[in-house]
Amino acid sequence: MPILPWTDILLANLAVVLGATLQGSVGFGLGFVGAPLLMLISPSFIPGPLLFNAVVLTLLLTHRERKSIVVSEIRWAVVGRLVGVAIAAAVVASISTDGLALTLGLMVLLLVGLSLSGLHFEPTWKSLIVAGTVSGFSGTIASVGAPPMAIVYQNATGPRIRGTLSAFFVIGTIMSLTALLLVGQLGIVELTIALTMLPGLLLGFVLSRRLALVIDRGRTRYAVLGLSAMGGALLVLRQLL
């Protein structure tokens with residue numbers, strides 16, 4: 001007997017297909033595209049089930065783009081992520097995060113605007129620590145952690161963005177799943193729901209390969225900035241609406 005109505009499962013798979021196709025072709029997108037849609041369908045799909053599917057997708061992408069992964073860059077980004085998560089944990093425990101989420105959204109939009117105006121960001125160890133910190137902070141308080149990292153990689157090749165970000169997100173998502181497990185928010189029920197979403201995830205992964213070939217033909221930077229702007233706008237709209 002299904003835990004959720006089959007209509008909810010079908011709609012959830014459609015949402016995951018969209019998010020997985022975007023992430024598989026650009027390097028991110030499952031979280032901030034899929035999470036709002038899944039919340040509208042049923043809160044049961046997040047955070048645990050979606051995070052479980054995110055681990056599966058990022059592992060698949062890491063393997064697919066393994067030849068383009070820059071391990072040294074992941075190390076600096078993970079250091080920043082740990083710092084960002086720690087800061088976010090302290091902030092969440094003491095003050096309201098609504099204003100912070102709005103500020104982060106506006107900051108992402110500003111960075112996208114500066115990038116389009118000609119300012120270049122490169123993945124140096126300093127920028128990766130900063131981006132990783134902001135990613136860990138915004139991902140923890142608002143579930144949108146990809147844009148800060150993606151903006152740093154906007155001028156990289158498609159395979160390098162997808163591979164390196166995927167490897168980074170594998171580590172970050174496992175951290176989040178471990179936290180959920182420790183606080184009792186991840187169990188058999190959540191894993192069962194996660195399995196009902198796997199068909200959509202796998203279909204999105206397959207579709208993303210063809211879309212990635214299209215985006216890699218000189219469209220990578222604009223795809224990255226476009227999705228980053230979408231993530232920033234989502235943070236802002238959440239607080240204003």
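1. E73 and R160 pair up in a salt bridge, with the closest N and O atoms 2.4 Å apart. (The rule here is a side-chain nitrogen of Lys or Arg within 4 Å of a carboxyl oxygen of Asp or Glu.) E73 sits in helix 4 and R160 in helix 8, so the pair links distant parts of the chain, 87 residues apart. Helices are DSSP runs of H or I with at least four residues, numbered from the N terminus. E73 counts as buried at 9% relative accessibility, while R160 is partly exposed at 23%. Buried means under 20% relative accessible area, exposed over 50%, and partly exposed in between, with a 1.4 Å probe and protein chains only.

2. A word on what we're looking at: this is a predicted model, where local features need pLDDT of at least 70 and side-chain atom pairs count only at pLDDT 80 or more, while totals for chains, interfaces and linings use all residues. Residues are numbered from 1 along each chain as its sequence is written, and side-chain values use heavy atoms, with hydrogens and water left out.

3. The count of salt bridges comes to four. R162 meets E65 at 2.9 Å, N to O. R162 lies in helix 8 and E65 in the loop between helix 3 (48-64) and helix 4, so this pair ties together parts 97 residues apart in sequence. R162 is buried at 2% relative accessibility, and E65 is buried too, at 9%. E65 also bridges to R64, with the closest N and O atoms 3.3 Å apart. Shared partners join R64, E65, R162 and D216 into one network.

4. On to the nonpolar cores (sets of buried Ala, Val, Leu, Ile, Met, Phe, Trp, Tyr and Cys residues joined through side-chain atoms within 4.5 Å). The largest has 32 residues, and V26, F28, F32, M149, Y153 and L165 touch the most other members. Another core, of 19 residues, lies apart from it and includes A12, L38, L50 and M197.

5. V26 deserves a look. Leaving aside neighbours within four places in sequence, V26 is in contact (heavy atoms within 4.5 Å) with I161, R162, I215, A223, V224 and L227.

6. Lastly, the second largest pocket holds about 150 Å³ of space. A pocket is an open set of points on a 1 Å grid over the protein atoms alone where a 1.4 Å probe fits, with protein on both sides within 12 Å along at least five of seven lines; lining residues have an atom within 4 Å of a point. Helix 6 gives the largest share of the lining, four residues.

Terms used:
Grid points are joined across faces, edges and corners, and a volume is the space filled by probe spheres set on the points. Helices (H or I, at least four residues) and strands (E, at least two) are DSSP runs, numbered from the N terminus.
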